[in-house]
Amino acid sequence: MDQGAGAGAGPQRARGRLGAPSSGTRAPGTPWARFSAWLECVCVVTFDLELGQALELVYPSDFQLTDKEKSSICYLSFPDSHSGCLGDTQFSFRIRQCGGQRRPGHAGEKRSDSGAPTSLQREPAHYFGYVYFRQVKDSSVKRGYFQKSLVLLSRLPFVRLFQALLGLVAPEFFDKLAPCLEAVCNEIDQWPVPAPGQTLSLPVMGVVLQVHIPSRADAPEPGPPEQSSHETLLPAPVVLPSVHELDLFRCFRSVLAHVQLLWELMLLGEPLLVLAPSPAVSSEMVLALTSCLRPLKFCCDYRPYFTIHDSEFKEFTTRTQAPPNVVLGVTNPFFIKTLQHWPHILRVGEPKMSGDLPKQVKLKKPSRLKTLDTKPGLYTAYTAHLHRDKTLLRRLLKGLQKKRPSDVQTAVLRRHLLELTQSFIIPLEHYMASLMPLQKGIVPWKTPPQIRPFRQDDFLRSLERTGPQLTCVLKGDWLGLYRRFFKSPHFDGWYRQRHREMTQKLEALHLEAICEANIEIWMKDKSEVEVVDLILKLRERLVRAQGHQLPVKEATLKRARLYIDTAIGSLPKDLQAVLCPP
């Protein structure tokens, strides 16, 4: 596929009546509000003889994309010339949003995020692009080929759902074009919002997709959504087992011998280049790798598919500083030469789904990497801290011999990675919980006590009693792994998230302590300034609690409002007028 020079050309005006002009923010009840809870927009990228890749349509037509974003979408929506992709192919990409957040989420989106697992929350500064590309011979076209991509742009990492949606919509769109898209967009605009914990029925093109939106309250490995007994859906729904999980076993078949080493590289946020034969293999491998740490949020940058035309190409390939903490999926062998200073390069072939375990990728020294060497391999000088779990490979091999379905093999693999991550994180969680002030130290009319600082040496000493050896049979240098983890973006991301949650818990406990105290006794000897200060602080906490930022019961909120009214009523009329203007 030619990566044309003019891919940055602006899109033609979208046909149809899709969306009235707006400032970019869509509040509930406005046109496209429900649509934008799922998708930012739908793009059509086509190949133009003069322009190269060009953005043909954007739905809704009022959605604003910068020229840089348009250019990135155009280049990333087509396989590059090194991937001979004939027919239909699906893959995904992820791009940095330019110029800050232009569409701040409304309250419903913020509530959804607060209930979602941290690894599945909306991306505030990146877009996911889910692509369905078709290239077929067509004698009516000058170049002899029909080349077009349908792209769903979203902030949600729901790769499984959006691939299924594209599988339904794209073939129909390539036949009927714009009118079909308008109808689909209108259907999506009728979908309920993706509220965590809900099982939803999503009608589109005469099919009903039934999905479960993951919640923090879910078991670590929820099964497929159960159909509601009180509704009989006709036609029978297509039940998706997950909105986000890939077939991990298929993705990792050729690297199963090194899954633990790759898990360590992901945990430490190490730079990793994945060179694959196609965007489909590249994007699936990168997404599979970044999902290894769940439920821990992947805090580094990652690009499931990346090309030399990307606006961040120079930033990622510079040799004037250390390689960035990014997992980069590519198909162009040119990257091996450009990024040979990167510490870890994984070269994979097309996944073979035969009955036997494919030949495992070999560990090789980075100095042996040659641009023209097409053999798969994991080129790294890294030595794993933990000993390899040989029982995992034996279980998976036994599964192959017994012709166990791929989804069962994936469940075995995912459980292994989940238990590994949990064994690593639980000691950190225990130590962090010990830094929380005692509840008896939280008194109504004083500033709540502070969370104690995280001291790495204290934590490492605590591992003798509460270390991963309590839950994990794997031996190795756990202390060395923790020491390297402390320097990674994932420790910083995990610590900030936990500290924020604990601070909110402290504020909630303090608010409860105030609401359980007798405000009238407290006010007896207080000045007007002190009473006004309390009113303002209570109002601020109420606003935060109502925005779902504080874990507070409704009864506490009612009492806080009552206290505010009581405190205002005790003040002179002129102050009351200031605090409660008509």
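This report describes the fold, the packing and some local backbone features of a predicted model.

## Basis and overall make-up

Because the model is predicted, local features are given where pLDDT is at least 70 and side-chain atom pairs count only at pLDDT 80 or more, whereas totals for chains, interfaces and linings use all residues. Residues are numbered from 1 along each chain as its sequence is written, and side-chain values use heavy atoms, with hydrogens and water left out.

The protein contains 19 helices and 14 strands, these being DSSP runs numbered from the N terminus (helices H or I with at least four residues, strands E with at least two). Of its 582 residues, 53% count as buried, where buried means under 20% relative accessible area, exposed means over 50%, and partly exposed lies in between (1.4 Å probe, protein chains only). Among the contacts with a separation of 6 or more, 74% come from residues 24 or more positions apart, a contact being heavy atoms within 4.5 Å.

Helix α7, residues 259-267, is largely enclosed by the rest of the structure, because 9 of its 9 residues are buried; among them are Trp263, Glu264 and Leu267. When residues up to four places away in sequence are not counted, Phe424 touches Trp263 and Leu267, as well as Trp478, Leu481, Tyr482 and Phe485. Just after α7, Gly269 takes a positive phi of about 65°.

## Packing of helices α12 and α15

Two packed helices are described by the angle between their axes and the distance between the axes. Helix α12 (residues 406-433) and helix α15 (residues 489-516) pack at an angle of about 40°, with axes 12 Å apart; the axes are lines fitted to C-alpha atoms, for helices over the stretch in contact, and angles run from 0 to 180 degrees between N-to-C directions. The crossing of α12 past α15 is right-handed, a term for the near helix being turned clockwise from the far one by less than a right angle, with anticlockwise giving left-handed.

On the α12 side the meeting residues are Ile425, Leu428, Glu429 and Met432, and on the α15 side they are Trp494, Tyr495, Arg498, His499 and Met502. The residues of this contact divide into 6 nonpolar, 1 polar and 2 charged, where Ala, Val, Leu, Ile, Met, Phe, Trp, Tyr, Cys and Pro count as nonpolar, Asp, Glu, Lys and Arg as charged, and the others, Gly among them, as polar.

## Buried residues and their surroundings

His385 lies in the loop between β14 (377-380) and α11 (390-401), yet it is buried, with a relative accessible area of 13%. Its side chain makes a polar contact with the side chain of Tyr382 at 3.0 Å; a polar contact is a pair of N or O atoms within 3.5 Å, and within protein one must be able to donate a hydrogen and the other to accept it, while residues adjacent in sequence count only if both atoms are side-chain atoms. Leaving out residues up to four places away in sequence, His385 touches Glu264, Gly476, Asp477, Gly480, Leu481 and Arg484.

Ile188, in helix α5 (residues 178-188), is buried with a relative accessible area of 2%. Ile188 and Arg34 are 154 residues apart in sequence but 7.4 Å apart in space, C-alpha to C-alpha. Beyond its neighbours within four places in sequence, Ile188 is in contact with Arg34, Phe35, Trp38, Leu39 and Leu165.

## Backbone exceptions

Most residues other than glycine have a negative phi, and most peptide bonds are trans. A cis peptide bond joins Tyr59 and Pro60, with omega about -15°, and another cis bond joins Arg294 and Pro295, with omega about 15°. Pro60 is found in the loop between β2 (52-59) and α2 (67-76), and Pro295 in the loop between α8 (279-290) and β10 (301-303).

Met205, although not a glycine, has a positive phi of about 50°; Met205 is in the loop between β6 (199-204) and β7 (207-212) and counts as partly exposed at 28% relative accessibility. Lys403 likewise has a positive phi, near 55°, and is found in the loop between α11 and α12, where Lys403 counts as exposed at 73% relative accessibility.
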